[in-house]
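Dear colleague,

Please find below the structure that I promised to hand over to you. My notes on it follow, arranged by region.

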Amino acid sequence: MTRIALCQIPVSPDPAANLERAREALARAEGADLAIFPEATLTRYGRRITDLAEPLDGPFVSGLAEAAKQHGLAVIAGVFEPGEDRVHNTAVAIDAEGAVRGAYRKIHLFDSFGAKESDLVAPGAEPTVVELAGLRVGLVTCYDIRFPELTRALVDQGAELFAVIAAWGSGPLKEDHWVTLVRARALENTTWTAAVGQAPNPAESSDGFGVGRSMLVDPLGVVRADLGTGPGVQVVEVDHEWTTTARATLPSLQHRVLQGQAIVK
């Protein structure tokens, strides 16, 4: 078993306030091996991200790392890194000793539903699996969840868990999209999926980011936990023996065919 804290927090424009919220959430994650925070935990989306972006050795990630070490658990969180002409939307992975073990720069940018993330954010290029809390964790950020080829690439790299972080936009059917897509990525890859979104922040509600609905979904697509819309921290369990059972029952990864040729796993 691996115990994961789903840390569904509201995010403000102020990095210092968000770091304090993250520290409070980690204090509530008693007994967890890994805590997962939303996309853009550093600062809320907006043009300010170009001014507030920090390198991975900056004060925000350093503060998270200190808290991870203090509480003895690994952490995944969304930040913005400075780039050449635009920032990167980055998921950073920190181990229980406070060391940065990896970072994933979001590949698929949210140029949809009237938004244009690519105005401010440069895309990444590499699917990323990190060794964290005794697991191989595949990192996925928000709009990425709409692209099944990414999670397929991650499972082919040996991912045992997908960690999906999001600042999901609200709107007609959007919450349904989130739930459906998270469950689909878990089921089609028979892989545990821990998906954590921002809780709504009433003080910043005009931008529409944050619907909550953080979830743990098992390898057969069953929702094991759903935090609803309010802020919260919930510790859930990932049962690795169930992955073996699920894949014996539904060996779809072994049955894949590409252009008439079976894919040997």
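**Helix α4 and its surroundings**

Helix α4 is followed by Gly158, a residue whose phi is positive, near 95°. Please keep in mind throughout that this is a predicted model.

The helix α4 itself covers residues 148-156, and Leu150, Thr151, Leu154 and Val155 in it are buried. Seen down the axis of α4, these buried residues fall within an arc of 135°, so they line one face of the helix.

What covers the buried residues of α4? The strands β5 (100-105), β6 (129-132), β7 (135-141) and β8 (161-166) are among the elements that do so, as are the helices α5 (174-188) and α6 (240-249).

**Two loop residues with positive phi**

Thr190 lies in the loop between α5 and β9 (192-197). Its phi is near 40°, which is a positive value in a residue other than glycine. Is Thr190 buried or exposed? Thr190 has a relative accessibility of 0% and therefore counts as buried.

Arg213 belongs to the loop between β9 and β10 (215-217). Here, too, a residue other than glycine has a positive phi, in this case near 60°. The relative accessible area of Arg213 is 18%. Since buried means under 20%, Arg213 is buried.

**The six-stranded sheet**

The model contains an open sheet of six strands, in the order β5-β4-β3-β2-β1-β12, and the pairing is mixed. Which strands stand at the edges? They are β5 and β12 (232-238); each has a single partner strand, so one side of each is left without a neighbour in the sheet. On average, neighbouring strands of this sheet are turned by 25° against each other, direction ignored.

In general, strands of a sheet pair through backbone hydrogen bonds, either parallel or antiparallel. In this sheet, β2 (residues 34-36) and β3 (residues 74-81) pair in the parallel sense, over three bridges. Leu34 stands opposite Ala74 in β3.

Helix α3 (residues 59-71) packs on the sheet, where α3 touches β3, β4 (88-94) and β5. The direction of α3 makes about 20° with that of β4.

With kind regards

Key. Residues are numbered from 1 along each chain as its sequence is written. This is a predicted model: local features need pLDDT of at least 70, side-chain atom pairs count only at pLDDT 80 or more; totals for chains, interfaces and linings use all residues. Side-chain values use heavy atoms; hydrogens and water are left out. Buried means under 20% relative accessible area, exposed over 50%, partly exposed in between (1.4 Å probe, protein chains only). Helices (H or I, at least four residues) and strands (E, at least two) are DSSP runs, numbered from the N terminus. The arc is that of the directions from the helix axis to the C-beta atoms. Contact means heavy atoms within 4.5 Å. Two strands pair if DSSP finds at least two bridges between them. Axes are lines fitted to C-alpha atoms, for helices over the stretch in contact, and angles run from 0 to 180 degrees between N-to-C directions.
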